[in-house]
Amino acid sequence: MKEFVVYTALRLALFIGSFAIVFGIWFAITGDVPIFWAVVIAFVASGLGSYFLLNAQREAFARRVEVRAHAASTKLEEMRTKEDADEDQPS
């Protein structure tokens, strides 16, 4: 869960930073900023930035998900094996 929180917080921070930069530059150039377009541009910029800048955090999150999925799969298989063994025993 920690990896998810860290990755999500960094994505949010990257988006807010991108928005601040886009808003600041746009305002400095034109003096008027259409918020919708500033959000769209910041969203695209933060998405591209996170692909390169947050690779390590994304990999850590993916590894954590894989470990949890493997553990759940193993537990499910153990339960099935036990259930099959219980069914094979005569009553």
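**Reading a predicted helical model**

Modeller: Phe23 has its place in helix H1, where helices (H or I, at least four residues) are DSSP runs numbered from the N terminus. This is a predicted model, in which local features need pLDDT of at least 70 and side-chain atom pairs count only at pLDDT 80 or more, while totals for chains, interfaces and linings use all residues. Residues are numbered from 1 along each chain as its sequence is written, and side-chain values use heavy atoms, with hydrogens and water left out.

Biologist: Is Ser18 buried or exposed?

Modeller: Buried means under 20% relative accessible area, exposed over 50%, and partly exposed in between (1.4 Å probe, protein chains only). Ser18, in helix H1 (residues 2–30), is buried, with a relative accessible area of 13%.

Biologist: Which residues does Ser18 touch, not counting residues up to four places away in sequence?

Modeller: Contact means heavy atoms within 4.5 Å; on that basis Ser18 touches Ala42, Ala45 and Ser46.

Biologist: How many salt bridges does the structure hold?

Modeller: A salt bridge is a side-chain nitrogen of Lys or Arg within 4 Å of a carboxyl oxygen of Asp or Glu. The structure holds one, formed by Arg64 with Glu3, whose closest N and O atoms are 4.0 Å apart. Because Arg64 lies in helix H3 (residues 55–88) and Glu3 in helix H1, the pair ties together parts that are 61 residues apart in sequence. Arg64 is partly exposed, at 35% relative accessible area, and Glu3 is partly exposed too, at 26%.

Technical notes
Helices (H or I, at least four residues) and strands (E, at least two) are DSSP runs, numbered from the N terminus.
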